[in-house]
Amino acid sequence: MPAESASAAPIGEAPPASALLAVAAVTKLFGPLRALDEVSLRVDRGEVLGLVGPNGSGKTTVINVISGLLAPTSGRVLLEGQDVSGKAPFRLARRGINRTFQIPKPFPALTARENLAVAFHGSRLTDAEILELVGLGGREERLASELTASDQKRLDLARALVTGPRLLLVDELGAGLSKTELDELAGILRRLVAELGMTMVVVEHLMGFLEQVADSVTVLNAGAVIFSGGLSEALSDPAVVKVFIGG
Amino acid sequence: MPEGVAGASGQRATRAQTWRRRGADVAAVLVPTVLFALARTVDSNLLLLVTIMVYVVLAQGVNVIYGFTGYLPFGYVGFFGAGAYGTYIAVAHLGAGAVEATVLGGVCAVLVAIVLIPLLRLRGAYFAIASLAAALALSSLVSNPSLQSVTNGPYGADLSQVFSSGGSYWTAVVIVAFAMLVVVVLRRSRLGLQLRAVRADQVSASYAGVNVVAARTGAWLLSALLAGLAGGVYAWAISTFYPTAVFDTTISLFAIVFALFGGVGTVLGPVVGAVVLYYVYNAIGVNDPQYFQLIFGVVIVVIALFLPGGLAAVLLGARRRLATRGADAG
């Protein structure tokens, strides 16, 4: 996937036919706070876009707006050219957008199998196949509350996969995990792209993790996009270096 | 072990589990129904038996709305009163038979629940207080003298022309069976699973593709239907009543405490809670209400402090411990 594909979308114009997701000049205000300031980005089919930035830069807010948890104050979110801004999460889940959470939110009193049975079934894979895919095979009847933090993240991912997302938003999957667990999860994400043709936006602080999964990155700072391009170019971009290292 | 053999034994185990579950479901519906049907042979006080069945149905209604969604309806009596007055209006003004009128009482409660759907936007104490206010408003509306031509206002409703102690008793048995069926089906259904998910985390449930508003509304209407049917058959059984009798907030409180005492989220917990506590109430509450209020208060405190899952949680916990001990010993 060419690094240039994640570029700022022309504001107000229809996205190119290849774009699965286009975020067009989205601003989100929380009272006087401008959490997102005219953020635009585009993700092509089968592409994995890394979303990086310091704490408070607006990464999770972007995910929340795309996934319908928050309505944008202005601007639009387009899925295959259709405006889906502010639609309820359950409608977006049924239209092919789903997400995971930085702190996983499985249903604690339900088993892993029941956690998946709750969900709208849009995937061509069975629940058992999805649990196997994320590495939870054999733990179907465990209560979610009895799973380890790493397994709860896998369950969160599995529940999103059951709905058959074309666009998967992954919010800091790697936080708090060991190197081995990170590598396993990166492998799972790569399989989702290679075998299911999934498109992803991955919010992550860990550059090593992004190197394994992302085709390109968009860097946010104080709610605004300051860079879009390849990961290695981002690491040598003066504006990005200034934000992360200072000076 | 060859794969085929393992697969066959696994399938047999799954099939056995499925049959065991179905058997438990059928028993959960049939056992209380049959016991109530036979109860008249040991206790000839049919009004007492109908009242207990009414509380069983109300406790199951609370189970549906609180056990599955987390909404605690202090104004639940509003649906009960709507059911009672819906039955009265159907008999007095539409000339309906008592059974049809009881069903219409249930429908009337559902209509009230539809009007009150916006209350579901509230949570916690706000919802509890708003539902109580709605029930009081409905009570005031029904007892308004200017509605005398419809509800007979504050002067009470008279259903003596259709009075039948046996008819109301058997109808109550059928309504108990229906309430048990509703809870069993809900517990096993995808809607029940979705409601439990919504109760745990509505954001996660929404991302799982669950229409949170629709799921909650479904539970709300179902619980209103149960209360309306209970109100209808109670009105039929007592024959004459005033608005204060069927909109008494104590009815809400009893139903909630009975359900919590037995264990919400379970099938049989509210039945056990209603039968045990109502018999206690009947034994001492009628003649010495102050003692019952004391016991009732203690029960509420004990539930809140030590038994948040009710009697059912205690029994299920003991069973789990025994199973674990058995597995360890094995």
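Start with chain A and colour it by domain: domain 1 covers 5–9 + 17–96 + 174–247, and domain 2 covers 103–164. Those bounds come from an automatic or database domain assignment. Where they touch, eight residues come from domain 1 of chain A and nine residues from domain 2 of chain A; "contact" here is when the C-beta atoms of two residues, placed from the backbone, lie within 7 Å.

A quick word on what you're looking at: this is a predicted model, in which local features need pLDDT of at least 70 and side-chain atom pairs count only at pLDDT 80 or more, while totals for chains, interfaces and linings use all residues. Residues are numbered from 1 along each chain as its sequence is written, and chains are lettered from A and ligands numbered from 1 in the order in which they are written.

Next, select α2 (89–95) and α6 (179–196) of chain A, which each supply at least two residues of the domain 1 side that touches domain 2. Helices (H or I, at least four residues) and strands (E, at least two) are DSSP runs, numbered from the N terminus. The largest share of that domain 1 side, three residues, comes from α6(A).

Now show the strands of chain A. Six of them make an open sheet in the order β6-β7-β8-β3-β9-β10, with mixed pairing; two strands pair if DSSP finds at least two bridges between them. Which strands stand at the edges? They are β6 (97–99) and β10 (224–229) of chain A, each with a single partner strand, so one side of each has no neighbour in the sheet. Zoom in on β3 (residues 48–52) and β9 (residues 216–221) of chain A, which pair in the parallel sense over four bridges. Pick A:Leu49 and you can find its bridge partner in β9(A), A:Ser216.

Bring chain B into view. The contact between the chains takes 21 residues from chain A and 16 residues from chain B. On the chain A side, α2, β6, α3 (112–117) and α5 (149–162) give two or more residues each, and α2(A) has the largest share, four residues.

Stay with chain B and select helix α3 (residues 77–92) and helix α5 (residues 124–142). They pack at an angle of about 25°, with their axes 8 Å apart; axes are lines fitted to C-alpha atoms, for helices over the stretch in contact, and angles run from 0 to 180 degrees between N-to-C directions. That makes α3(B) and α5(B) roughly parallel (angles under 35 degrees; over 145 is roughly antiparallel, 65 to 115 roughly perpendicular and the rest oblique). Among the residues that meet here are B:Gly81 and B:Tyr85 from α3(B), and B:Ala135 and B:Leu138 from α5(B).

Click on B:Ser131, also in helix α5 of chain B. Is B:Ser131 buried or exposed? It is buried, with 25 other C-beta atoms within 10 Å (20 or more count as buried, 12 or fewer as exposed, and in between as partly exposed, with C-beta atoms placed from the backbone). Leaving aside neighbours within four places in sequence, B:Ser131 is in contact with B:Pro73, B:Phe74, B:Gly75 and B:Leu119.

Last stop: α2 (residues 46–69) and α12 (residues 249–262) of chain B, whose axes come within 8 Å and cross at roughly 75°. So α2(B) is roughly perpendicular to α12(B).
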